[in-house]
Amino acid sequence: MKSGKNMPVDMALHNYKKDSTGKEKIVTPDGEVVTGRILVGERGDGAGYISHFASCKKYRR
């Protein structure tokens with residue numbers, strides 16, 4: 001991340017749309033963290049990675 005901290009992410013890239021009310025935190029390839037929503041089959045504002053903590057079944061117990 002731009003702050004210098006490491007955040008584990010899933011390696012799949014996802015298209016996203018910036019949305020301040022969105023539920024997803026997306027990490028862009030240049031380290032910016034964006035709030036928005038993931039798009040399926042659409043082009044949006046860019047592509048980024050989802051935090052591993054958001055998708056990890058073991059973490060979400």
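Q: How many bridges join β1 to β3, and what makes the two strands a pair?
A: In this predicted model, four bridges join β1 to β3, and the strands run antiparallel. Two strands pair if DSSP finds at least two bridges between them, so β1 and β3 count as paired. Within β3, Arg37 is the bridge partner of Lys17.

Q: What makes β1 and β4 a pair?
A: Three bridges join β1 to β4, again with the strands antiparallel. The requirement is at least two bridges, and therefore β1 and β4 pair. His14 has Gly48 as its bridge partner in β4.

Q: Why is the link of Asp19 with Arg37 called a salt bridge?
A: The closest N and O atoms of Asp19 and Arg37 are 3.9 Å apart. The cut-off is within 4 Å, so the pair qualifies as a salt bridge. The pair links distant parts of the chain, 18 residues apart: Asp19 is in the loop between β1 and β2, and Arg37 is in strand β3. The structure holds one salt bridge.

Q: Why is Asp19 called partly exposed?
A: Buried means under 20% and exposed means over 50%. Asp19 has 23% relative accessibility, which lies in between, and therefore counts as partly exposed. Arg37, with a relative accessible area of 39%, is also partly exposed.

Q: What makes Ala47 partly exposed, and which residues are in contact with Ala47?
A: Ala47 lies in strand β4. Its relative accessible area is 28%, between the limits of 20% and 50%, so Ala47 is partly exposed. Beyond its neighbours within four places in sequence, Ala47 has contacts including Leu13, Tyr16 and Pro29. The C-alpha atoms of Ala47 and Pro29 are separated by 7.9 Å.

Methods. Residues are numbered from 1 along each chain as its sequence is written. This is a predicted model: local features need pLDDT of at least 70, side-chain atom pairs count only at pLDDT 80 or more; totals for chains, interfaces and linings use all residues. Side-chain values use heavy atoms; hydrogens and water are left out. A salt bridge is a side-chain nitrogen of Lys or Arg within 4 Å of a carboxyl oxygen of Asp or Glu. Buried means under 20% relative accessible area, exposed over 50%, partly exposed in between (1.4 Å probe, protein chains only). Contact means heavy atoms within 4.5 Å.
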